[in-house]
Amino acid sequence: MDRVDLSALFLHSLVLWFVAVGGPSTILPDFHRYVVEAHQLMTSTEFAELYTLAQAAPGPNFMYVTLIGWHLAGWAGAATMTIPVLVPATTLSLLVGHMNERYPNAPIGRAIRRGMAPIAIGLTFASATILMRAVNHDWRGYLLTLVTVVLVLRTSWNPLWLLAAGALAGVLGLV
Amino acid sequence: MEQTELHETRVTPYQLFLTFSWITLSGFGGIMFWARRRLVERERWLTEQQFVELLTLGQLLPGPPGLNLTVMVGYRFGGWTGAAAAVGGFVGWPCLVVIGMGILYQHYGALAQVQRALAGMSIVAAGLLFATFVKVAKVLPRRSRPWLFVMLAFVGVGVLRWPLFWVVGALAPWALFAAWKEKV
């Protein structure tokens with residue numbers, strides 16, 4: 001195993017996040033390539049385990065990078081992997097947010113917000129479909145997804161209970 | 001959209017911190033559902049239309065869409081400090097939780113159970129995302145063109161599994177051109 005070069009890791013992930021349009025899953029293969037293949041900082045199995053563990057935690061789905069950083073070099077590693085995530089969001093998004101507030105009626109802003117909204121909505125539908133197909137193995141899973149949609153749209157139950165029921169069903173091997 | 005009414009709503013950084021802490025700590029298997037539920041339905045800081053607009057910008061900008069949304073909402077209602085407070089709540093807790101889970105995992109293992117629980121939870125999370133889609137899609141005008149773009153984006157990414165970057169890149173000029181012409 002190589003010794004972990006935190007500054008190189010920091011720069012690499014900073015570059016990745018600036019090109020990560022469409023969310024954390026788009027750059028997962030690049031992180032795998034860097035950490036597992038190019039620098040052999042952990043095995044592919046360890047990488048997959050940490051990814052799974054992080055997905056089970058609440059929060060945005062980029063937390064796997066924090067856990068990988070922590071695994072490599074403790075708190076310093078966690079910071080090395082987490083701070084680059086925040087950089088594009090706190091620079092570009094803040095700039096866009098600022099322009100949006102300052103010039104709410106600018107034609108280009110309107111065209112982007114109105115014109116691109118259908119694409120963003122289509123992508124939300126695509127994400128839901130991809131997730132559903134990745135995790136469901138038989139009709140019981142699809143049924144649970146369908147029941148969730150109906151309950152969320154028709155009742156005011158707190159969906160955290162549904163998530164807990166799903167987790168329980170998973171542990172018991174029902175879905 | 002009427003943007004002027006927004007600036008009457010002033011939210012303290014502490015409220016933003018609490019709200020985004022709640023969103024992130026509820027967000028098993030994705031946070032968009034919870035962000036919409038809290039910001040649109042509970043707090044009523046954003047209309048459905050405004051949420052869709054920020055969601056759109058968040059997806060187009062590099063970096064995690066949820067984090068981009070958090071920054072823009074924090075900034076809109078609380079300026080710089082609001083954005084910092086929102087991000088602190090949104091990222092801080094999950095960092096602690098995920099590292100805590102890493103420590104527990106080193107001591108106890110049990111990845112098989114975690115995997116099964118995660119699988120069950122993700123099945124529900126997919127349903128939450130579909131429900132989010134149904135709700136946000138209501139803001140689209142009942143004309144064929146916006147829905148054509150919804151379908152093309154969905155088929156490109158969700159069915160054909162082409163890279164999102166190229167699908168969005170190919171559709172964006174047409175979508176922008178159409179929206180630009182429509183306004184005039």
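In this predicted model, B:Arg76 and A:Glu101 form a salt bridge through their side chains, with N and O 2.8 Å apart. The pair crosses between chains, running from helix 4 (residues 65-108) of chain B to helix 4 (residues 63-102) of chain A. Over all chains, the structure holds 9 salt bridges.

**Salt bridges between the chains**

- B:Arg76 has a relative accessibility of 6% and counts as buried because the cut-off for that class is under 20%.
- A:Arg114 is partly exposed, with 37% relative accessible area, whereas B:Glu53 is buried at 3%.
- Side chains of opposite charge can pair when their charged atoms come close.

**A salt bridge within chain B**

- B:Glu48 and B:Arg36 form a salt bridge in which the closest N and O atoms are 2.7 Å apart.
- B:Glu48 belongs to helix 3 of chain B and B:Arg36 to helix 2 (residues 32-42) of that chain, so the pair ties together parts that are 12 residues apart in sequence.
- B:Arg36 is buried, its relative accessible area being 6%.
- One network, built from salt bridges that share partners, joins B:Arg36, B:Glu41, B:Glu48 and B:Lys135.

**The interface of chain A and chain B**

- Chain A brings 87 residues to the contact and chain B brings 94 residues.
- The size of an interface is often given as the accessible area lost when the parts come together.
- Between chain A and chain B the buried area is about 8500 Å², and carbon and sulfur atoms give 79% of that area.
- Across this interface there are 3 salt bridges, and 11 residue pairs are in polar contact.
- On the side of chain A that touches chain B, at least two residues each come from helix 1 (6-19), helix 3 (44-56), helix 4, helix 5, helix 6 (139-154) and helix 7 (159-171) of chain A.
- Helix 5 of chain A gives the most to this side, with 27 residues.
- By type, the residues on the side of chain A that touches chain B are 55 nonpolar, 26 polar and 6 charged.

**Nonpolar cores**

- In soluble globular proteins, nonpolar side chains tend to be buried together.
- The largest nonpolar core has 96 residues, and the members that touch the most others are A:Phe31, B:Leu39 and B:Phe51.
- Leaving aside residues up to four places away in sequence, B:Phe51 touches B:Met32, B:Ala35, B:Arg36, B:Val40, B:Leu46, B:Leu69 and B:Val136.
- B:Arg36, one of the residues that B:Phe51 touches, is the salt-bridge partner of B:Glu48.
- Another core lies apart from the largest one and has 14 residues, among them A:Leu123, B:Phe149, B:Ala153 and B:Phe154.

Definitions and conventions
Residues are numbered from 1 along each chain as its sequence is written. Chains are lettered from A and ligands numbered from 1 in the order in which they are written. This is a predicted model: local features need pLDDT of at least 70, side-chain atom pairs count only at pLDDT 80 or more; totals for chains, interfaces and linings use all residues. Side-chain values use heavy atoms; hydrogens and water are left out. A salt bridge is a side-chain nitrogen of Lys or Arg within 4 Å of a carboxyl oxygen of Asp or Glu. Helices (H or I, at least four residues) and strands (E, at least two) are DSSP runs, numbered from the N terminus. Buried means under 20% relative accessible area, exposed over 50%, partly exposed in between (1.4 Å probe, protein chains only). Contact means heavy atoms within 4.5 Å. Buried area is the accessible area (1.4 Å probe) that two parts lose on being put together, summed over both. A polar contact is a pair of N or O atoms within 3.5 Å; within protein, one must be able to donate a hydrogen and the other to accept it, and residues adjacent in sequence count only if both atoms are side-chain atoms. Ala, Val, Leu, Ile, Met, Phe, Trp, Tyr, Cys and Pro count as nonpolar, Asp, Glu, Lys and Arg as charged, and the others, Gly among them, as polar. A nonpolar core is a set of buried Ala, Val, Leu, Ile, Met, Phe, Trp, Tyr and Cys residues joined through side-chain atoms within 4.5 Å.
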